[in-house]
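Take a look at the sequence and the fold below. This short report walks through the sheet, the helices packed on it and the space left inside.

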Amino acid sequence: MVEAFFRFYFMENIEPFAVISGASRGIGAEYARALAAQGYHLFLVARDQDRLNQLSKEIQQATSVQVWTEALDLAKPNAAETLYQLALSYRPHVSLLINNAGFGLYGLFSGMSLSTIQDMLQVHIHVTIESTRLFLPDMLNRRQGAIINVASVAGFFPIPYMAEYAATKAFIISFSEAVAMEAKENEVTIQVCCPGYTETDFHKTAGHCPRHISPPHTPHEVVQKSLKDLRSRQTFVTIGWQGLATQWITRFIPKKLLTRLTIRFVRPIFSSH
Ligand SMILES: NC(=O)c1ccc[n+]([C@@H]2O[C@H](COP(=O)([O-])OP(=O)(O)OC[C@H]3O[C@@H](n4cnc5c(N)ncnc54)[C@H](OP(=O)(O)O)[C@@H]3O)[C@@H](O)[C@H]2O)c1
């Protein structure tokens, strides 16, 4: 009886548990490493089970946290519900949900594959909204917990040749900022993390690496800034001076002019391929 009480107490109140989507590599894998070092037990999902296994092994060699993994294609219908049910089968409460999974699509919108467009809407929008809806009520009831939705500086303004990607990230920013305000009253933090160009497989997967005027962030920089700002309960997070500069530019340059400048900057990448 006493033992059961202590097990319950420790699981509920002391041992934090994080659920991370898109944890097989890049920024998601870095969140997993950083949170494991802070003592979080982890539930990691992505499609690539081998990479998840490798990461789980690496984390379990370096720490004493428990790691569960699942190969889950978030582009499939009801993926958020599956994620939620699996998470609850491991731990009764989730302390931190990170909606990080995502991918880029470069090119003329009219020429893009419709099924890839639908996958992006599913992964970026449906999963973010549905999983926030599923995980948030328990956090609000307990007045404890946080959600990080990974967006991008690409969500700050319309980007020709990345029209859908930029629009889905703008959606995530708007959604997160609104729900963050509602959740604040119950001590729950919702953060929208907006990295700029970051050194991961993202651009290779998307098929193009656009020109950038500044060196890339490392996933480590992105995650450290995000987790530091989570401690001070910041909602809107950018990384380094590049993030601040993009915020400044998109706030003060008229949108029409900005979109014209952007298309000039982006179009040559496509005409040269
Ligand atoms: N890199 C950048 O420059 C940059 C800048 C701003 C924002 N971001 C955002 O940061 C987030 C992480 O990207 P990253 O840079 O770390 O790229 P990455 O290295 O390509 O990682 C993307 C992650 O998302 C997962 N994923 C993609 N589609 C999925 C699906 N259908 N189901 C489940 N998991 C899926 C991938 O896992 P599997 O392939 O194993 O499924 C992988 O773990 C994304 O939301 C991205 O939009 C990136």
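Two strands count as paired if DSSP finds at least two bridges between them. Keep that rule in mind for what follows. The model is predicted.

**The sheet**

Seven strands form an open sheet. Their order is β3-β2-β1-β4-β5-β6-β7, and the pairing is parallel. The edge strands are β3 (67–71) and β7 (236–238), and each of them pairs on one side only. On average, neighbouring strands are turned by 15° against each other, direction ignored.

Strand β4 (residues 96–99) runs parallel to β5, and four bridges join the two.

A second pair is β1 and β2. These strands pair in the parallel sense over five bridges. Here Ser21 has Val45 of β2 as its bridge partner.

**Helices on the sheet**

Which helices pack on the sheet, and which strands do they touch? The table shows two of them.

| Helix | Strands touched | Direction angle |
|---|---|---|
| α5 | β1 (17–21), β4, β5 and β6 (189–194) | about 175° with β4 |
| α8 (residues 219–231) | β4, β5, β6 and β7 | about 155° with β6 |

**Inside strand β2**

Is strand β2 largely enclosed or open? Six of the six residues of β2 (residues 41–46) are buried, so this strand is largely enclosed by the rest of the structure. In a regular strand, side chains alternate between the two faces of the sheet. In β2, His41, Phe43 and Val45 point one way. Leu42, Leu44 and Ala46 point the other way. All of these residues are buried.

Ile20 is found in strand β1. Its relative accessibility is 0%, so Ile20 counts as buried; the cut-off is under 20%. What does Ile20 touch, leaving out residues up to four places away in sequence? The contacts include Leu42, Phe43, Leu44 and Val45. Gly28, Tyr31, Ala32, Leu35 and Ile98 are also touched by Ile20. Ser232 lies 212 residues from Ile20 in sequence, and the two are 21 Å apart in space, C-alpha to C-alpha.

Ser56 lies in helix α3 (residues 49–62). With 10% relative accessibility, Ser56 counts as buried because the cut-off is under 20%. Not counting residues up to four places away in sequence, Ser56 touches Val67 and Thr69.

**The space left inside**

Rolling a probe the size of a water molecule over the atoms shows where empty space is left. How many cavities of 30 Å³ or more does a search of the whole structure find? The search finds one. About 80 Å³ of space lies in the largest cavity.

Its lining is made up of Ser21, Asn99, Asn100, Ala101, Val123, His124, Val127, Thr128, Asn149, Val150, Lys169 and Ile172. The elements that give two or more residues to this lining are α5 (114–142), β5 (146–150) and α6 (163–184). Which element gives the largest share? Helix α5 does, with four residues. By class, the lining has five nonpolar, six polar and one charged residues.

Some names come back here. Ser21 lines the largest cavity, and Ser21 is also the residue whose bridge partner in β2 is Val45.

Notes: Residues are numbered from 1 along each chain as its sequence is written. This is a predicted model: local features need pLDDT of at least 70, side-chain atom pairs count only at pLDDT 80 or more; totals for chains, interfaces and linings use all residues. Side-chain values use heavy atoms; hydrogens and water are left out. On a 1 Å grid over the protein atoms alone, a cavity is a set of points where a 1.4 Å probe fits but cannot get out, and a pocket is an open set with protein on both sides within 12 Å along at least five of seven lines; lining residues have an atom within 4 Å of a point. Grid points are joined across faces, edges and corners, and a volume is the space filled by probe spheres set on the points. Ala, Val, Leu, Ile, Met, Phe, Trp, Tyr, Cys and Pro count as nonpolar, Asp, Glu, Lys and Arg as charged, and the others, Gly among them, as polar. Axes are lines fitted to C-alpha atoms, for helices over the stretch in contact, and angles run from 0 to 180 degrees between N-to-C directions. Contact means heavy atoms within 4.5 Å. Buried means under 20% relative accessible area, exposed over 50%, partly exposed in between (1.4 Å probe, protein chains only).
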